[in-house]
Amino acid sequence: MTTALAFWNSKDYRAQIWVVPASGGKSRIHAALTYLFLTKTDYNVAVAFQDEGLMNADTERNKELMTFCNKGGLEWDRRVSYQTNLNRKNNAKTTMLIIDESDER
């Protein structure tokens with residue numbers, strides 16, 4: 001539900017803040033949002049993590065989704081960046097920035 005609402009709202013709002021409690025499914029939400037943005041827009045997606053441990057865990061968790069998207073022509077490897085800072089790595093005009101586990105940011 002959170003993923004669908006966040007995606008739907010992106011049509012009207014440039015910025016959104018969604019607070020998800022611990023163990024509330026942030027990793028699943030950002031993976032689903034990434035997939036939606038890859039399939040429904042031409043946006044690049046940058047996902048910012050609090051630290052490398054969380055980033056590496058989600059990279060491992062999402063390997064099948066990444067492979068599925070690449071094989072389906074969605075270009076995950078080109079359009080999605082996982083990072084531990086808030087700098088945009090993609091030099092695209094339009095980028096969706098998802099911040100996961102950013103309690104200290």
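Colleague: Is Asn70 buried, partly exposed or exposed?

Modeller: Asn70 counts as partly exposed, because its relative accessibility is 30%. Buried means under 20% relative accessible area, exposed over 50%, and partly exposed in between, with a 1.4 Å probe and protein chains only. This is a predicted model, where local features need pLDDT of at least 70, side-chain atom pairs count only at pLDDT 80 or more, and totals for chains, interfaces and linings use all residues. Residues are numbered from 1 along each chain as its sequence is written, and side-chain values use heavy atoms, with hydrogens and water left out.

Colleague: Thanks! Where is Asn70 found?

Modeller: In helix 4, residues 63–71. Helices (H or I, at least four residues) and strands (E, at least two) are DSSP runs, numbered from the N terminus.

Colleague: And what is Asn70 in contact with, leaving aside neighbours within four places in sequence?

Modeller: Glu75, Trp76 and Asp77. Contact means heavy atoms within 4.5 Å.

Colleague: Switching to helix 1, which residues are buried there?

Modeller: Thr3, Ala6 and Phe7, in a helix that covers residues 2–9. Seen down the axis, the buried residues of helix 1 fall within an arc of 95 degrees, so they line one face of the helix. That arc is taken from the directions from the helix axis to the C-beta atoms.

Colleague: What covers them?

Modeller: The cover includes helix 2 (26–40).

Colleague: Zooming out, how many helices and strands does the chain have?

Modeller: Five helices and three strands, running α-α-β-α-α-α-β-β from the N terminus on. Of the 105 residues in the chain, 35% are buried.
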